[in-house]
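Trainee: I would like to go through the terms used for this model one by one. Please set each value against its definition.

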Amino acid sequence: MPVTVNTVSDTKPPRSLGKAVWNGMKLRCPHCGKGHMFKSFLKVADQCEVCGEELFHHRADDFPPYISIIIVGHVIVGVMLHLELAYDDVAPWIYMVTMVPASVILPLISLPSIKGAVVGMQWANRMFGFDAASRRDPGLPSYP
Ligand SMILES: [Zn+2]
């Protein structure tokens, strides 16, 4: 059986997943960590204003809300279970004035950081258009 040797070397510079996700969680550019990732609440900037890294290649889609729902759901259910076990007969209105607002506010607070982390993860893994070599035309985004 002939032995094949891979002669194609990977010349792409390595990207740190942890650093990119952390920079994204801080709402900063996954590449330089200095520029802003978002141009509005959840709208990712087209490119970093500091290093020029193209950020419009991301496809976070519904993944950040799924993560937010999982995290907030566990917090809400945990607090409700604690209240039910620690106190006798918790009135329903207490849940209405605490858990319902928390169910709205906590996802809104956490979504930008979670979306930033997802975009950072996609950038570090060169997903979608973040890998210039995989694009048909490097000057164009990879959208069909
Ligand atoms: Zn940057």
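Mentor: Start with the helix pair. Helix α1 (residues 17-25) packs against α3 with their axes 7 Å apart, at an angle of about 150°. Axes are lines fitted to C-alpha atoms, for helices over the stretch in contact, and angles run from 0 to 180 degrees between N-to-C directions. Helices are DSSP runs (H or I, at least four residues), numbered from the N terminus.

Trainee: Why is α1 called roughly antiparallel to α3?

Mentor: Angles over 145 degrees count as roughly antiparallel. The angle here is about 150°, so α1 is roughly antiparallel to α3. This is a predicted model: local features need pLDDT of at least 70, side-chain atom pairs count only at pLDDT 80 or more, and totals for chains, interfaces and linings use all residues. Residues are numbered from 1 along each chain as its sequence is written, and side-chain values use heavy atoms, with hydrogens and water left out.

Trainee: What makes up the contact of α1 with α3, by class?

Mentor: It has 8 nonpolar, 4 polar and no charged residues. Ala, Val, Leu, Ile, Met, Phe, Trp, Tyr, Cys and Pro count as nonpolar, Asp, Glu, Lys and Arg as charged, and the others, Gly among them, as polar.

Trainee: What makes the largest nonpolar core a core?

Mentor: A nonpolar core is a set of buried Ala, Val, Leu, Ile, Met, Phe, Trp, Tyr and Cys residues joined through side-chain atoms within 4.5 Å. The largest one has 11 residues in all, among them Ala-20, Phe-38, Trp-123 and Phe-130. Helix α3 (residues 92-124) gives the most to this core, with 4 residues. A second, separate core of 7 residues includes Val-72 and Met-99.

Trainee: How do you know that Asp-131 counts as buried?

Mentor: Buried means under 20% relative accessible area, exposed over 50%, partly exposed in between (1.4 Å probe, protein chains only). Asp-131 has 9% relative accessibility, so Asp-131 counts as buried. Asp-131 is found in the segment after α3. Leaving aside neighbours within four places in sequence, Asp-131 is in contact (heavy atoms within 4.5 Å) with Lys-12 and Arg-126.

Trainee: Is Asp-61 buried or exposed?

Mentor: Asp-61 has a relative accessible area of 63%, so Asp-61 is exposed. Asp-61 lies in the loop between α1 and α2 (63-86).

Trainee: What is the phi of Asp-61?

Mentor: Asp-61 has a positive phi of about 50° although it is not a glycine. Most residues other than glycine have a negative phi. Asp-89 also has a positive phi, of about 55°.

Conventions
Helices (H or I, at least four residues) and strands (E, at least two) are DSSP runs, numbered from the N terminus. Angles under 35 degrees count as roughly parallel, over 145 as roughly antiparallel, 65 to 115 as roughly perpendicular and the rest as oblique.
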